[in-house]
Amino acid sequence: HGYGSDGIDKYSALAAVFKRYWNPKTDGAAEPPQEPELLPRKAIFGGQAVHMGEGIELLRENIMNVLSPDAAATNLTEPVAMERLGCYYGLILYSSVLAQDLSGSNLSIPHGPRDRAHILVGGKLIGLMSRTTASTGDDDFSLILPDTAVKGARLDILVENMGRINFAQAMMNETKGLPNGVVLIQQANDDNDDDENHDDDLSAAIPLRWEAHCLPLRPNQIEKLPFPKSPSTLHIQPSSISLASSFQAAAAPFPRFFRSQIDNVPEGVVDTYLDMSGWGKGYVWVNSHNIGRYWSVGPQARLYVPAPFLDSKSSLELT
């Protein structure tokens, strides 16, 4: 298409390059075609940001009941790939109740998660691991469990499937989730400083029992999320749609869902873009249509919203 979300006229730039190499003898006497007339463009919300509120935590029981209505896979001796549990896209949540005090223990995910993992103890985020980065070294995906990792505490690992590699040898093993399991090793308590080997004295890997919840994030599930009824009202001005929230991401105990309902959608809306600048990483639904993923690392900061998704006969929901 002629224009991208960055507003650069790519059509004219490419046409100028082609014209420099146009050869009438081999390509004919005709000039390259003229740029077609552009469709009208305007965004429907502007002047102020769409306020998204505080949001709701994904781990709340009533949220999990909506997103994962099927029974969890239970009594797993270790986490397994999503596909082995019938999950092929979205997220998967692995959970275990600690049978002993594991504070100070080393938790590692061999060869890393597939593809991005939030790790929590007692509902509090303690670490983030991504397939694209390691904490130290090329193949070290590990962290030390905090003092809250006591007997009876809940250990949760939420893993996002970010898409599958579709070329080269990596295609042969593109299962998602935690296909290589999780390893927990407890540092032995050894106060004997005369033992020159005490620094390397590690106990055996600690077995855990796991359950897993598939979270495919289907449109009908997103529709049923129990948000409070608080529609937003905005003045309509031609500008770009942007989103804002008073919620501070740095204080987030876990990923959240946000929603804003807008009742004054104008007539004659056309294609536009949703500006996600300032947000971290996530998904966006417009009237239950998943319009894409965003990530602050770039390169894309705006998501395309086709006009048919902006129905002026009903309220607009951004999630």
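A disulfide joins Cys 87 to Cys 214, with the sulfur atoms 1.5 Å apart. A disulfide is a covalent bond between the sulfur atoms of two cysteines. Here the term covers a pair of cysteine sulfur atoms within 2.5 Å. The structure holds one disulfide. The pair links distant parts of the chain, 127 residues apart. Cys 87 lies in the loop between β3 (73–76) and β4 (91–97), and Cys 214 in strand β12 (residues 210–215). Strands are DSSP runs of E, at least two residues long, numbered from the N terminus.

This is a predicted model: local features need pLDDT of at least 70, and side-chain atom pairs count only at pLDDT 80 or more, while totals for chains, interfaces and linings use all residues. Residues are numbered from 1 along each chain as its sequence is written, and side-chain values use heavy atoms, leaving out hydrogens and water.

Are the two cysteines buried or exposed? Cys 87 has 4% relative accessibility, so it counts as buried. Cys 214 is partly exposed, at 24% relative accessible area. Buried means under 20%, exposed over 50%, and partly exposed in between (1.4 Å probe, protein chains only).

Now the rings. Rings of Phe, Tyr and Trp (its six-membered ring) pair if their centres lie within 6.5 Å; planes under 30 degrees apart are stacked, over 60 edge-to-face, and the rest tilted. The count comes to two aromatic pairs. One of them joins Phe 258 and Trp 279: their ring centres are 5.3 Å apart and their planes at 85°, so the pair is edge-to-face. Phe 258 is buried, and so is Trp 279.

Notes:
Helices (H or I, at least four residues) and strands (E, at least two) are DSSP runs, numbered from the N terminus.
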